[in-house]
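I opened my notebook to record what I looked up in this structure. Here are the entries, in the order I made them.

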Amino acid sequence: MVGAVVVLLVLTLVILIRIPSGEYVLLVDPAHPVAPLVQVQGARPADSGTLYFVDVKEKSASELETLFPWIHPHASFVPAGAIVPPCASPAQAEAAALQEMSFSQRVAAAVALRRLGYHVAVKPTGVVVSQLIAGTHAPCNLQPMDVVVAVDGKPTPTETSLHDALGHVQPGAVVKLTVLRGGRTFTVPVRTVDEGGRALVGFVPNQSAKIKLPIRVAIDTSGIGGPSAGLAFTLEVMQKLGRNVLHGHRVAATGEMALNGAVGPIGGIKQKTYGVRQAGADVFLVPAGQNARDARRYAGPVRIIPVHNLSQALRALATLPRA
């Protein structure tokens with residue numbers, strides 16, 4: 001009788017492992033040293049400290065994992081729609097994440113070189129769809145990493161021009177967006193939503209641009225996607241070119257880097273903070289606001305430093321106690 005119960009239990013567990021739950025699980029991954037991933041022409045590294053970037057492992061969760069969440073320490077479960085946008089496949093979501101990573105690397109290099117006094121040619125080319133907003137009409141009509149180049153025929157090379165074009169639209173009206181996706185250009189009609197009397201399409205914008213660097217910068221992240229390592233890459237490029245930004249410390253950094261040097265929020269902050277702790281970093285630079293507040297909850301002995309932009313990050317590192 002006991003044997004039959006054991007067999008039934010094992011079969012039940014096997015079945016539960018194979019049944020998708022409709023959720024994704026975010027798993028801790030120890031922070032990674034950045035230096036081996038970044039190659040810069042004419043490098044003369046400042047040999048001081050260690051810089052880390054952080055990521056999160058994502059996978060479709062089974063019913064077993066959601067029933068017994070303690071299987072994965074410090075994990076979080078999120079709806080599948082938070083990882084794979086509506087009307088997109090997992091493969092499309094992964095491809096978009098890799099595009100985000102590729103662009104974030106070029107932005108990081110551009111910001112770092114500009115900070116060091118190099119001339120970097122930047123030509124705005126449109127507005128990137130960096131995140132779709134649920135409850136609007138943008139999901140399924142747009143995809144992450146689409147580049148909006150015009151609204152109702154009016155060119156929108158910059159975020160400001162996009163906002164100006166939408167400023168002439170009645171909230172609730174349909175706009176025709178000219179979109180660049182995968183090398184193809186086409187028109188997408190999207191009904192706007194009313195946000196405080198303004199017409200919004202329903203996505204978080206980011207600047208797209210052609211960037212011409214004066215020296216060669218290569219960053220290899222081995223298939224890791226997303227834009228959240230931008231701040232870490234920026235600091236490492238500066239460190240590679242002789243600017244001692246770490247001052248002997250073991251520093252982890254996260255945050256999406258914008259072309260103007262602003263540091264934007266990221267996801268998975270709980271898992272990233274535990275990843276920093278596992279790597280043994282002393283300091284964790286985190287986007288100011290909710291990211292920083294959440295990071296402090298899980299930081300343990302790690303010092304959390306909230307930053308709004310690159311200048312603030314550099315000042316904070318320069319004023320740390322001598323390592």
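**Entry 1: the model**

I noted that this is a predicted model.

**Entry 2: α3 against α5**

I know that two packed helices are described by the angle between their axes and the distance between the axes. I began with helix α3, residues 90-115, and helix α5, residues 230-240. At what angle do their axes cross? I found roughly 40°, with the axes coming within 8 Å. That angle makes α3 oblique to α5. The crossing of these two helices is right-handed.

Next I looked up who makes the contact. From α3 I listed Met101, Gln105, Ala108, Ala109, Val111, Ala112, Leu113 and Arg115. From α5 I listed Gly230, Phe233, Thr234, Val237 and Met238. I sorted the residues of this contact by class: 9 are nonpolar, 3 are polar and 1 is charged.

**Entry 3: α5 against α8**

I stayed with α5 and turned to helix α8, residues 310-318. How far apart are the axes of α5 and α8? They are 11 Å apart, and the helices pack at an angle of about 60°. The pair is therefore oblique. Here, α5 passes α8 in a right-handed crossing.

In α5, the residues in contact are Leu231, Thr234, Leu235 and Met238. They meet Leu310, Ala313, Leu314 and Leu317 of α8. By class I wrote down 7 nonpolar, 1 polar and no charged residues. I marked Thr234 and Met238 in my list, as they belong to the α5 side of the contact with α3 and also to the α5 side of the contact with α8.

**Entry 4: α6 against α7**

Then I took helix α6, residues 269-279, and helix α7, residues 290-298. Their axes come within 9 Å and cross at roughly 50°. That makes α6 oblique to α7. I recorded a right-handed crossing for α6 and α7.

Which residues of α6 meet α7? I found Ile269, Lys270, Thr273, Tyr274 and Arg277. The classes of the α6 and α7 contact are 4 nonpolar, 2 polar and 3 charged.

**Entry 5: the second largest pocket**

I moved on to empty space. Rolling a probe the size of a water molecule over the atoms shows where such space is left. The second largest pocket holds about 350 Å³. It is lined by 20 residues, and the closest to its centre are Gln99, Met145, Asp146, Val147 and Gly182.

Which element gives the most to this lining? I found that α3 does, with 6 residues. At least two residues each come from α3, from β7 (121-132) and from β10 (174-181). The lining divides into 11 nonpolar, 7 polar and 2 charged residues.

**Entry 6: Ile224**

Where is Ile224 found? It sits in the loop between β15 (217-219) and α5. I then compared Ile224 with Glu94. They are 130 residues apart in sequence, yet 9.3 Å apart in space, C-alpha to C-alpha.

I set aside the neighbours of Ile224 within four places in sequence. The contacts of Ile224 are then His32, Phe53, Asp55, Leu98 and Met101.

Notes
Residues numbered from 1 in each chain as written. Predicted model: local features only at pLDDT ≥ 70, side-chain atom pairs only at ≥ 80, totals over all residues. Heavy atoms only, no water. Axes fitted to C-alpha atoms, helices over the stretch in contact; angles between N-to-C directions. Helix = DSSP H or I, 4+ residues; strand = E, 2+ residues; numbered from the N terminus. Parallel < 35°, antiparallel > 145°, perpendicular 65-115°, else oblique. Left-handed = near helix turned anticlockwise from the far one by under 90°. Contact = heavy atoms within 4.5 Å. Nonpolar A, V, L, I, M, F, W, Y, C, P; charged D, E, K, R; others polar. 1 Å grid on protein atoms, 1.4 Å probe; cavity = no way out; pocket = protein on both sides within 12 Å on 5 of 7 lines; lining within 4 Å. Points joined across faces, edges and corners; volume = space filled by probe spheres on them.
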